Amino acid sequence: MIYSNLDFNHKTVLITGGAGFIGSNLALYIQNNFAEAKIVVFDCFRNNECLDNGNPISYGHYKNLIGFYGEVICGNINSKIDLSMLDNFNFDYIFHHAAISDTRAYNQELVLKTNVNSFYSVLEIAKKHDSVLVYASSAATYGNLPAPQVEGNENPENPYGYSKLLMDKIASQYSIENSNMTIVGLRFFNVYGPREFYKAKTASMVIQLGHQILSNKSPGLFRESDSIFRDFIYVEDVIQANIKACSPKKNGSYNVGTSTPRSFKDIVDILQYELKTSLKINYFDNPYSGYQLNTQANIDLAAENLNFNPNFTLEDGIKSYLPEISRLHGEDIL
């Protein structure tokens with residue numbers, strides 16, 4: 001589906017973090033719909049480095065880019081030398097998705113250097129090339145504030161959310177100082193869909209519960225999961241938001257969700273219906289403190305300024321996603 005009147009043919013597009021979940025979906029969307037676009041993926045890719053919590057520092061994976069025929073540059077967003085490899089291009093559009101995206105990454109120095117310091121470099125590239133810049137912000141900027149979450153009322157409770165709020169503030173100031181530039185931030189809520197598998201433990205509950213059920217294991221949920229709600233948004237709607245953000249009515253940071261929160265139990269029920277199973281749910285205590293009980297994106301501003309309108313219900317998204325969930329069942333995460 002083509003989401004706007006913009007024509008990316010004969011344009012040069014940079015996607016940082018383009019081997020990750022959303023970045024790879026975006027790269028393939030543009031390739032599949034605009035055959036004459038020149039697409040450059042910049043990603044550090046996965047290595048053996050892990051965060052203190054044991055999760056990989058990078059979720060970029062080459063398998064996410066199988067079928068992608070554009071240019072791929074392996075580089076670290078924190079490295080000026082690596083970024084200099086982009087000097088040979090003149091970018092019309094930049095989608096900035098490179099980040100430490102683990103909400104339970106507590107190495108503040110690493111998170112802030114990777115997410116905040118590097119953002120200045122990306123902004124300067126966009127200014128130099130006169131590029132449209134769309135970047136990934138996050139619903140983590142809201143922390144545990146009550147739903148619905150509305151732009152302008154933020155209270156991050158982890159380094160990741162704080163880094164994204166700083167990025168939003170930097171972008172806002174940069175927009176004021178460079179009024180001719182297009183700069184839009186997208187605050188993603190709970191995204192799920194194809195190419196998230198290599199996020200391992202941080203992949204959505206949709207694929208994790210799907211694989212439990214496919215293994216004939218009782219799906220595991222926290223106690224009282226029927227009263228824990230999330231704004232789950234299918235990755236195809238996130239791609240829509242990225243594309244529409246290239247021609248906004250005004251710059252800003254906008255919520256990207258469905259505005260319809262659903263429970264984790266809803267996920268299990270939909271999966272079991274589609275897979276024709278009736279496994280008993282295994283309930284256990286929630287081990288996390290400060291756990292969000294309800295996220296719900298107020299998308300009024302995104303609708304007004306980006307013409308964003310999500311197309312997928314949770315039922316639609318899971319049904320569309322199931323072939324990929326089944327294909328990856330049992331595959332090595334490495």
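Which residues of helix α5 (residues 205-214) are buried? I started my notebook with this question, and I kept in mind throughout that the model is a predicted one.

**Entry 1: helix α5.** I looked up the helix and found that its buried residues are Val-206, Ile-207, Leu-209, Gly-210, His-211 and Ile-213, where I take buried to mean under 20% relative accessible area.

**Entry 2: what lies against α5.** I then asked which elements the buried residues of α5 pack against.

**Entry 3: after the helix.** Following the chain past α5, I came to Asn-216, whose phi is positive and lies near 60 degrees.

**Entry 4: the whole protein.** Stepping back, I recorded nine helices and 13 strands. The radius of gyration is 19 Å, while the globule rule gives 20 Å for 334 residues, and because these values are close, I wrote that the protein is as compact as a globular protein of that length. Along the principal axes, I noted that the C-alpha trace spans about 55 × 40 × 40 Å.

**Entry 5: inside and contacts.** I found that 54% of the 334 residues count as buried. Looking at contacts between residues at least 6 apart in sequence, I saw that 82% join residues at least 24 apart.

**Entry 6: surface and charge.** The protein exposes about 15,000 Å², and I noted that carbon and sulfur atoms supply 48% of this area. Finally, I recorded 27 positive and 35 negative side chains, with the centres of the two sets lying 2 Å apart.

Methods:
Residues are numbered from 1 along each chain as its sequence is written. This is a predicted model: local features need pLDDT of at least 70, side-chain atom pairs count only at pLDDT 80 or more; totals for chains, interfaces and linings use all residues. Side-chain values use heavy atoms; hydrogens and water are left out. Helices (H or I, at least four residues) and strands (E, at least two) are DSSP runs, numbered from the N terminus. The radius of gyration is taken over C-alpha atoms; the globule rule is 2.2 Å times the number of residues to the power 0.38. Buried means under 20% relative accessible area, exposed over 50%, partly exposed in between (1.4 Å probe, protein chains only). Contact means heavy atoms within 4.5 Å. Accessible areas come from the Shrake-Rupley method with a 1.4 Å probe; for residues, only the protein chains shown count as cover. Lys and Arg count as positive and Asp and Glu as negative; His and the chain ends are not counted. The place of a charge is taken as NZ of Lys, CZ of Arg, CG of Asp or CD of Glu.
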